[in-house]
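Subject: Structure for you to look at

Hello,

Here is the structure I said I would pass on. Please open it first and then read my notes below with it on the screen.

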Amino acid sequence: MAVDASAYVSLDAANRALRGRLSRLRAWVRVLLGARLAMMGVAVGAGALVLLHGYERLYGVMHPLEDAVFPLLVGCAAAALVALIWPLPDRLMAASADRRLGLWDRLGTAVGLMGEFYPSGMARAQINDAVRHLSELTPWRAYPLRFDRRAKVMVGCLALLAVVELAPIPPLLLSAREQEEQAELRLVAQEFKPAVEELNEQADEAEDEETDEAAKRLERLTQRMERGSVTKRAALLELAELGDKLDRLDKEIKPPSLKTARVAAQQVGERGREELAKRAEELAERARKQGNRELEKQMREAAEKARKAANASQMRELGAELEQAAAQTGTMLAPAAVLDTVAVAIAGEEWDEALNALGDLQEMLSGDDIELTEEQARELAERMEELAEKLKDTELSELSECLKQAGQCMRQGDCQGAAACLGQGTQAARSGLGAARLGEGVAQMRAAADAAACALRRPASAQSQQSGQCIGPDDGSQQQIPPNAEGSALYAPRETPVDATPEHVRSAVREGGESYASPTRGAPDRVDESRVPYYEVIGDYSRAAEDALEREEVPPAYRGTVRQYFESLESGQTPAGAEPAAGDAGNPGASEEPSDD
Amino acid sequence: MTEWDQMAQRRAEQEAGRFRRLVDGLREQVGRVIVGMDGVIENTLIALLAGGHVLLEGVPGLGKTLLVRTLSEALDLDFARIQFTPDLMPADITGTMVLWEGPGGEREFQFQHGPIFGNVVLADEVNRATPKTQSALLEAMQEHSVSVAGTTHVLDEPFLVFATQNPIEMEGTYPLPEAQLDRFLFKVRVEFPSLTELHEIMNRTTGVEMPHAEKVASREEILSLAAVAREVPVADHVQQFALRLLLATHPEGEDAPEAVRQFVRYGASPRGAQAMLLSGKVRALMGGRFNVAVEDVKASALPALRHRIGLNFEGQAEEIDPDDLIREAIEGLEAATRQDVPV
């Protein structure tokens, strides 16, 4: 019997077609599985965040999470990983596709028959039949995208999270005092918003991840304060935490101040102006000899301008003018003129200008067509060495060293070597400059955070008048009690009705670890009453206590008690085992409400 | 692929095509005489092509006998009918030795074939006979042979018994013994026709011309196509489903639903699984497929298992229908064995 071979598919071809289609199906299923698991993860994560943030916003007892997106992203990545390793053998895929597409177990049977050593005619017919039905096996038909219950739950959780994050706390849930606090927060936020935005831009430019994160956190907090979606207590805690972080960053960066470099460059700047003026006068003289009155006049004016040049851009413009004039007189402006601009730029704290000018010089020296006279090379070398000498013991010492080497190269007539040295020096200066800017940015942020915290600690009346001073922990920095501040006396300790000795001793530890004590008139619990809610200062006090514990100023036996005490204050409970300190024995209020004064 | 392989595959496809054409022809011919009863006809044809016996259960007058007769007409097979009555004896079925006198006056005992020696035997109202007589069918149904007076007589193939019975609760009936029931591939329930079907029956049977079925296939064709059906492959997971379903009808089975544990005394025998898979193969070919699907097994489960499940006293007292138990077992098993990815 003649057989039409084209009507039949070989077992190998059928096997390839079937496995290939199942592979595509498997890939699609993995995508869907990942999406499904991610949806579940996001829903669970968002639900947990809703609970946490909701609790934090209503009661302000927890620190807000730094970034809600991060755990959600981690969940998504985990889901993708699980989807990637989820076992999806061919048999399972085939059976699943059969069921979903109504293929009557054609694919599942064919996958099983593929493993047979020598399939019968009927088995071959079955495999052929399955291959014919492969056209129906489109992944998105078998597993269509559906907005199912899980997706709805996820969207619901995210919507809830957005409401909790963005919507202001309903006034119904706030007491009169809390509403007043919200108003204060808005006021402070509006006050600091422009500065915070500027800091954020600076942090973006600094390209430092941690600084950028801190700036964003500060900006987010300001936005939340402005929207009224954060309590005063949470805001203060966040600011305290942010302050700690910025302190850490500040210590890690240890930026050069560039102060001494600036001072050193003052003298160089003067010299630069004078040198450029001299070059202009030389050109004026040359123009006079050539009978070019107009150019002579122009150069004399340029000399005057050079002596009065206030910044690097003026110097640069003058340099360009002189270069043109030199060309008209048939000479060439000495390359050392660039260093005049560098000197003025450093003196004027125009670091970028200075480094750009050095870059120009490097480019000029590294060019193939550079031709310097012996005199020009010597002058350039001298100026380089002079600048190097001035910057020698400053924060730009690396640049100084490179300039010195470049000067030596120039003395030997090695322009390329000098250019290489200048390149190294410019790079070193740029990184030092970056660190300096980063440090300044961090310091500014720290100042902004402190200022915001300080503003929040002001009493409400002082807040509106913008005249009150900061009330805070007695750490000897900027916190002081306003002379006539009218606080709300919300957490005032009870006065002890005893006529104690009108003196008490205040003690503290200096930075070097040396302790000192000073007698002070007046019993502390009778002089003032607390005007600041304890939670406004508890962050600072507990941090100070932790620092003290770390510095071992507290005997080891008492550390547990101290920690317990502050923990109980944060949770608003009296510690079970915490005994009042000996000094507070006659002051029952001291163990319940720590005063800030 | 070698030419031989291509030929084998092509032959299989041609035979499958022939199979479908035969079934379609049979359906058409039977449909000319029988009105409605699609499920009954379907199951009867499946049993016929699977080489199994069928027990048709229904009240008198529903066309059970006519169905079997029409089928035998369409297939050109020897048809024999045995009306079972309480006084029917086994010899009346199998045949007996009679004294035969030759033309020369010589006498000898010769075996006189009973009505069992047909291709299609209709055992009408089989439950009206006593168990002793019913048991006369046992050997014939299982072994396709009859032993009389120490001699075994082989029956012609195909040999199919279509037994009809009235519902057990009717008076004057003897329930078939379990061993007897187990030999039927299917137990098919014949339901009362609907109003529309009754109209059609009246129109066909009260006119001048009575419809007749025409011959569609020969005896040899039936035998060869029945052999083709056995070649249909069954995937492991399908066979697994059938076997687990069988075990789910046992009260001690792992997958047995609660109702089975409560109301069943004994579950279906292995013949039940054979019946499901064999009939599944025929169904697959009838559906134009070359493989048995789980759906085929599920479709065959009720007729293949319902007569193989023995209810306990509580089940009988509660009038539990085995069909409900099987459906429950299928549902439970589907949930337990559903192969799917969690998307």
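**A helix in chain A**

The buried residues of α15(A) are W351(A), A354(A), L355(A), A357(A), L358(A), G359(A), L361(A) and L365(A). An α-helix has 3.6 residues a turn, so residues three or four places apart point the same way. Helix α15 of chain A covers residues 351-366, which is 16 residues. From its first C-alpha to its last it reaches 22 Å, close to the 22 Å expected at 1.5 Å a residue. Please keep in mind that this is a predicted model.

**Chain B as a whole**

Chain B has 343 residues, and 52% of them count as buried. Its secondary structure comes to 15 helices and 11 strands. Among contacts in chain B with a separation of 6 or more, 75% are between residues 24 or more positions apart. The chain exposes about 15,600 Å², and carbon and sulfur atoms supply 50% of that area.

**The sheet in chain B**

In what order do the 5 strands of the open sheet in chain B stand? The order is β2-β5-β8-β1-β9, and the pairing is parallel. β2 (79-83) and β9 (184-189) of chain B are at the edges with a single partner strand each, so one side of each has no neighbour in the sheet. From one strand to the next, the twist averages 15°.

The partner of β2(B) is β5(B), residues 120-124; the two run parallel and are joined by 5 bridges. Within this pair, R81(B) stands opposite L122(B) of β5(B). Helix α3 of chain B (residues 64-75) packs on the sheet, where it touches β1, β2, β5 and β8 of chain B. The direction of α3(B) makes about 170° with that of β5(B).

**E57 in chain B**

E57(B) belongs to strand β1 of chain B. Is E57(B) buried or exposed? With a relative accessible area of 12%, E57(B) is buried, because the cut-off for buried is under 20%. Its side chain makes a polar contact of 3.2 Å with the side chain of K187(B). Not counting residues up to four places away in sequence, E57(B) touches K64(B), Q165(B), K187(B), V188(B), R189(B) and V190(B).

Helix α12 of chain B (residues 270-286) has 17 residues. It reaches 24 Å from its first C-alpha to its last, close to the 24 Å expected at 1.5 Å a residue. α12(B) is mostly covered, with 14 of its 17 residues buried. Just after α12(B) comes G288(B), which takes a positive phi of about 80°.

N312(B) is found in the loop between β11 (310-311) and α14 (313-317) of chain B. N312(B) counts as buried, at 17% relative accessibility. Its side chain reaches the backbone nitrogen of E314(B) at 3.2 Å. Leaving aside neighbours within four places in sequence, N312(B) is in contact with Q262(B), F263(B), V264(B) and R265(B).

**R146 in chain A**

Where is R146(A)? R146(A) sits in the loop between α6 (139-142) and α7 (149-166) of chain A. Its relative accessibility is 49%, and it counts as partly exposed, because exposed means over 50%. Apart from neighbours within four places in sequence, R146(A) is in contact with R36(A) and with V343(B).

Regards

Conventions
Residues numbered from 1 in each chain as written. Chains lettered and ligands numbered in written order. Predicted model: local features only at pLDDT ≥ 70, side-chain atom pairs only at ≥ 80, totals over all residues. Heavy atoms only, no water. Helix = DSSP H or I, 4+ residues; strand = E, 2+ residues; numbered from the N terminus. Expected span 1.5 Å × (residues − 1). Buried < 20%, exposed > 50% of the residue type's maximum accessible area, 1.4 Å probe, protein only. Pairing = 2+ DSSP bridges. Axes fitted to C-alpha atoms, helices over the stretch in contact; angles between N-to-C directions. Contact = heavy atoms within 4.5 Å. Areas by Shrake-Rupley, 256 points an atom, 1.4 Å probe, with all protein chains shown as cover. Polar contact = N/O pair within 3.5 Å; in protein donor to acceptor, adjacent residues only side chain to side chain.
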